[in-house]
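Student: Could you walk me through this model, starting with its surface and ending with its sheet?

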Amino acid sequence: MSKKLSIIMIIFIVFYIYTKNKVFNERTLIIGSSLPITGIIKSWGESVSNGVNAYFNYANDNNLISNKKLKFLVYDDKYEPELTFENTKKLILEDKVFALFGFVGTPTVKRILPFLYDENVPFFSAFSGASFLRNNKNENFINFRSSYSQEIEDLINYLDVEKKLNKIAVFYQNDDYGEEGYISLVHLLKTRNLKLVAEGSYKRNTLSINHAFNEIKDAKPEVIFIIGAYKTNSLFIKRAKENENLKDVIFCNISFGDANSMVKELEALGSNSENLIFSQVVPSYLDRNIPAVKEYQDVMIKYFPKESFGFLSLEAFLSSKILVNAISRIKGEITREKLIENIISTPNDLLGGIPLEYKNSQLLNKIFLFEYKNNQFVEIINEK
């Protein structure tokens, strides 16, 4: 029995070593993702796909990775965790992807964590600010964006110190994403001896705002934090602006709310975009004084001339640049382990004008605040 067990252990060890150090000799490196291509936040998937494919096309056309081409393989998950799980299994087990990249959503990513723990696949630049992706010892998880907690902290600082507003409520999505934001908000308010005056939640992938609206309106908050998806957020904001108790409220939106789509949705609903503040993890996508943003605009115009610029496609573009640079610096055989090492050691000045520093499992560590005025996003200089 012990001999049989020893043989099994040896086979397992050999298989593990082979898998761990797998060499990717193929001419095309497949980078896999599961995105909401359809469904209630499909604009998210479209923006990410456009940003990634713009830079991948640029890299392929300019031979940025010697003798290799990149392919961005995407499956639709409609922002549903079970579909994300099935897509991820397919990408890893059938498609044999080199890396997983650009997944969208906190509940979707949380669903695949057990599977990722068992697989030695780099998981880079998820569009989530969740703490579990940062307080994790798994070296395969590397984030590009700053955390939700950082976004909320900067918003609270601006509201409390600059605007002297502290009567705060929250409208949030009732899942892992919304709860991450809710818990961070409550914790950060507590550090300032503040409490929420009201709270309301809604179910993911729905427009069911009635209960949450009724829970919040009579508290007459000065500020409402919005931690949800853009269609539902916009519907809630429109209704609030029509209510006497909430018509002058300031709405604070974190980056996952998709600022560009929210503004378009509010316009389509016949509402205005006044008194809206947006936190973002990247600078203005219109600021051509930042070299990385200028490059983004030029490449997007070349490969996706009909698509509008936006925060999400800029983030996808910039993280793609980091991924391509990391692959291009691999010496000798191409392995996942070398990719991880190179992403972590990304030069701090790679994104011209946008400083990078790897800490807390992420490369970006700055938040940008914006208001929407005169049909454009105007940065708020948050004095700390």
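Student: What share of the accessible surface of the protein chain belongs to carbon and sulfur atoms?

Tutor: This is a predicted model, where local features need pLDDT of at least 70 and side-chain atom pairs count only at pLDDT 80 or more, while totals for chains, interfaces and linings use all residues. Residues are numbered from 1 along each chain as its sequence is written, and side-chain values use heavy atoms, leaving out hydrogens and water. By the Shrake-Rupley method with a 1.4 Å probe, the accessible surface of the protein chain is about 17000 Å². The share from carbon and sulfur atoms is 50%.

Student: Nice! How much of the protein chain is buried?

Tutor: Buried means under 20% relative accessible area, with a 1.4 Å probe and protein chains only. Of the 384 residues in the protein chain, the buried part is 57%.

Student: In what order do the strands of the open sheet run?

Tutor: Strands are DSSP runs of E, at least two residues, numbered from the N terminus, and two of them pair if DSSP finds at least two bridges between them. The sheet has 7 strands with mixed pairing, and their order is 7-6-8-9-10-11-12.

Student: Why is one side of strand 7 and of strand 12 left without a neighbour in the sheet?

Tutor: Strand 7 (196-202) and strand 12 (376-380) stand at the edges.

Notes: Helices (H or I, at least four residues) and strands (E, at least two) are DSSP runs, numbered from the N terminus. Buried means under 20% relative accessible area, exposed over 50%, partly exposed in between (1.4 Å probe, protein chains only).
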